[in-house]
Each structure stands twice: as C-alpha cells, then as structure tokens.
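Today I look up the aromatic rings first, then the surroundings of the ligand.

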Amino acid sequence: MKTSLQTEPEIRQRIWMELQRATQDRHHEWRTPVLATVSADGLPQARSVVLRHADAKLATLQIYTDGRSPKVAELAFKPALMLAFWSKRLNWQLRVKASVSVQHSGPEVDAVWARVSQSHAAGDYLSARAPGDLLQSAADDAEPALASSPSPSHNLAIITAQVQSIDWLELSREGHRRAVFQAEAWEWRVA
Ligand SMILES: Cc1cc2nc3c(=O)[nH]c(=O)nc-3n(C[C@H](O)[C@H](O)[C@H](O)COP(=O)(O)O)c2cc1C
C-alpha cells in the first residue's frame, strides 16, 4: 500500500526515523541490511550486518565489526559502500550510498566496547582467530578460540558510513514511487 506521506520532507524525515528505530528494535526489518563493498580485485562483495546507529542530523550510519575482517580491508582499499534495506511492512527499499571511515581505537570505540563487552556478543570481538580464517574442521570452531592473554584485547571496529545519497523505492499497487535524494536535493525517478 502507498504511504500517505506525500511531501519530500515528510518522506525524508520518515526514512531517518525508521532507520533510527531499526537500531533500537530487534524486530525492525531494517535492522539487518545488506552491506556491499568492492574487493581489491574489483569484484562486488555483500553480507548482512546489524545497523547500530543512525544520525539524521549528521547523515551517518554505523556498523560494528571485527577490525580484522575482509570487509575492513576492502573498505581500506575502496572507502565506499552501499547498504540495501527492504521492509515488507513499509513496502520500502532503500539503497544508501556512502563514503566510509573505520575506527579501530579511540574514545568512541572504547565507549562502544564498554557496552558490548558486557553483552553476549563480546566473544565475537575477542576471538584469537580472524573472521574468514581457515579451520581444520567444523568441530574446530565449536568453541571459538578466545585470545589467551589474561585481559585479551578486543578487535571491535566501528564502520561509519557518511551518507551521500539515498535511493528510495516504494512498491504499491496504485503505482510505485522512487526518488533519489541528498542532503540538499531531491529527484523523482521512474520506479
Ligand atoms: C543477521 C546477520 C547479522 C550480522 N551482523 C554482522 C555485523 O553487525 N557485523 C559484522 O561484521 N558481521 C555481521 N554478520 C556476519 C557477516 O554477514 C559476515 O559473514 C562476516 O562479517 C564476514 O564478512 P566479510 O568476510 O565480508 O568481512 C551478520 C550476519 C548475519 C546473518
């Protein structure tokens, strides 16, 4: 069904509101977008991630990851990404194009780690093995090897996407709508 939202500011505001909600609501369909990057061989890569933070004023989105993961190396090679979101409830697709910075340390990483280290996800960032490392067998990973030092250092890194443009598509029996917008611009497009 078509949303009742008509004006450009209304749609823009609602999109950022839903992105922000998705960071807080585990059941929101936009909580787990697909993150696409370009690998060093120039080929596309894509994987699901959890949307952790959305700031409408700064036009930024954040994702947490293991700093040793291949996606971080890809982003160092080509600091650009696309995040693809789909919501059946809203009948909205978003394709968010962004430039990227990755923080491996510093006060923001420390603040996030202070929270994550208290959660069940802490182990994801303490493994002695890097994501994608080869295993001898599936059983080898039954208990992920934790770093063995008494106070192991974590590998949590923050990916900050500086949004450049959003391609919004609304599916509707009454007619699809599509627009591409930036901070100061809005273009209606053929859906
Ligand atoms: C629902 C879901 C959520 C995920 N969330 C994250 C995430 O927030 N951060 C992350 O690094 N990987 C996340 N993953 C794992 C990635 O999809 C991927 O397998 C992993 O990060 C390795 O990707 P890479 O080899 O491209 O670096 C998630 C996977 C699923 C299925």
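I started with the rings of this predicted model and found seven aromatic pairs. I looked up Trp92 and Trp168: their ring centres are 5.4 Å apart and the planes stand at 85°, so I noted the pair as edge-to-face. Trp92 sits in strand β6 (residues 92–103) and Trp168 in strand β7 (residues 156–170), so this pair links distant parts of the chain, 76 residues apart. Both Trp92 and Trp168 are buried.

Next I checked Trp113 and Tyr125, another edge-to-face pair, with 6.4 Å from centre to centre and 85° between the planes. Trp113 belongs to helix α3 (residues 107–116), while Tyr125 lies in the loop between α3 and β7, so the pair ties together parts 12 residues apart in sequence. Are these two buried or exposed? Trp113 has 16% relative accessibility and counts as buried; Tyr125, at 7%, counts as buried too.

I also traced a cluster: ring pairs link Trp30, Phe85, Trp92, Trp168, Phe181, Trp186 and Trp188.

Then I turned to the ligand. Its shell has four nonpolar, four polar and two charged residues. I noted that β2 (44–48), β4 (60–66) and α2 (70–77) each supply at least two residues of that shell. Which atoms come within 2.9 Å or 2.6 Å of the ligand? A backbone N or O atom of Val50 is 2.9 Å from a ligand oxygen, and a polar backbone atom of Tyr64 is 2.9 Å from a ligand nitrogen. From Lys71, a side-chain N or O atom lies 2.6 Å from a ligand oxygen. Last entry: the ligand taken alone exposes 620 Å², and the protein buries 58% of that.

Methods:
Residues numbered from 1 in each chain as written. Predicted model: local features only at pLDDT ≥ 70, side-chain atom pairs only at ≥ 80, totals over all residues. Heavy atoms only, no water. Phe/Tyr/Trp six-rings, centres within 6.5 Å; stacked < 30°, edge-to-face > 60°. Helix = DSSP H or I, 4+ residues; strand = E, 2+ residues; numbered from the N terminus. Buried < 20%, exposed > 50% of the residue type's maximum accessible area, 1.4 Å probe, protein only. Polar contact = N/O pair within 3.5 Å; in protein donor to acceptor, adjacent residues only side chain to side chain. Areas by Shrake-Rupley, 256 points an atom, 1.4 Å probe, with all protein chains shown as cover. Nonpolar A, V, L, I, M, F, W, Y, C, P; charged D, E, K, R; others polar.
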